[in-house]
Amino acid sequence: MRIVVVGPGALGCFLAGKLSNRTEVWLLDHDPLRAVRIVEQGGIHCEEQDGRWKAKIPVTARAEDIGIADAVVICTKAYHTREALLQAQPAIGKHTLVLSLQNGMGNSEFILDMVGAERTALGVTHHGVIKTAEGRIQHAGEGMTCIGSLTGKASPQLKTLKKIFSSAGIKTTISENILGILWSKLVINVGINALTALTHLKNGQLLDFEGTQEVMAMALQEAVCVAKRKKIKLPEKDYLKAVQKVCRQTDINVSSMLQDILAGRRTEIDHINGVIVEEGIKCRVATPANTVLYSLVKTWEQSAGQRVVRQEAR
Ligand code: PAF
């Protein structure tokens with residue numbers, strides 16, 4: 001199977017590196033110079049908790065170089081989905097499966113438009129991965145990966161992809177309720193990402209403070225309420241417990257949103273807490289905690305260059 005992973009962020013590098021042990025993998029980057037630099041440094045370098053690995057893989061900014069892929073896996077930021085798909089288009093043929101493994105909601109619409117429901121797959125992964133430099137990552141926590149088709153039925157390609165993921169060491173299951181699984185991940189991100197971004201704490205440290213625990217519980221309760229009102233079948237019964245478990249499993253992880261904040265990048269807040277606020281308005285569920293988290297992260301994004309960095313001596 002020829003797989004194209006789009007986006008050399010933390011997750012993209014991790015997947016491309018791991019999958020390359022089992023099948024032909026290409027990493028597609030929008031930045032041609034960075035693509036060359038990653039190849040020149042010998043590909044992907046990953047630090048695990050108990051060792052390290054290296055994967056020499058082809059990295060390109062030209063999807064034309066790849067040929068038609070069997071599967072394209074989108075790992076870019078949620079707000080880059082459209083550009084990522086357009087860039088990958090030359091590698092997308094009549095039978096190519098397109099899988100989004102991105103955070104947040106709202107990624108499937110562009111994929112659906114381009115390839116139709118039969119070949120649109122969505123998924124979530126709970127692996128904690130930190131990007132330390134270009135093509136260099138730290139694998140901070142194991143987690144389950146779940147994929148599924150928008151139609152609910154698993155195509156032979158999706159089943160093959162699942163097998164390859166699992167044999168490459170990325171334990172993967174297929175779900176017929178992928179929307180429920182996506183919402184479940186969304187709820188988990190609601191409980192962790194903005195809180196870590198605003199406090200600069202690691203995932204595990206959110207459980208050490210009363211304040212973060214209180215806001216976490218409120219934001220989660222609102223998100224679950226919105227999902228229920230939308231008749232989403234959430235797989236977990238108790239999301240506070242579920243989030244606490246993810247915090248413990250990825251305790252040393254710097255969440256993706258905190259990584260964005262530290263790097264001065266735009267965050268995925270619109271696709272996480274922003275979705276809860278927006279959907280809450282549509283289905284008449286009050287979402288005060290999510291509104292505050294959303295507004296503060298937005299303020300951070302908009303106030304670059306205007307914030308106090310350190311206090312002047314008087
Ligand atoms: O966005 C993230 O960082 C991850 O989805 C998660 C699960 C919160 C782990 O850090």
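Modeller: S11, H6 and helix H8 (239-249) each contribute at least two residues to the lining of the second largest pocket; helices (H or I, at least four residues) and strands (E, at least two) are DSSP runs numbered from the N terminus. The model is predicted, with pLDDT of at least 70 required for local features and 80 or more for side-chain atom pairs, while totals for chains, interfaces and linings use all residues. Residues are numbered from 1 along each chain as its sequence is written, and side-chain values use heavy atoms, without hydrogens and water.

The second largest pocket holds about 410 Å³ of space. Its lining comprises 18 residues, and those nearest its centre are His 126, Met 144, Ile 188, Glu 236 and Val 246 (pocket: an open set of points on a 1 Å grid that fit a 1.4 Å probe, with protein on both sides within 12 Å along at least five of seven lines; lining: an atom within 4 Å of a point). By class, eight of the lining residues are nonpolar, six polar and four charged. Domain 1 (2-176) and domain 2 (180-302) each supply at least three residues of this lining.

Because domain 1 and domain 2 both give residues to the lining, the largest pocket lies between them.

Note on methods
Domain bounds come from an automatic or database domain assignment. Grid points are joined across faces, edges and corners, and a volume is the space filled by probe spheres set on the points. Ala, Val, Leu, Ile, Met, Phe, Trp, Tyr, Cys and Pro count as nonpolar, Asp, Glu, Lys and Arg as charged, and the others, Gly among them, as polar.
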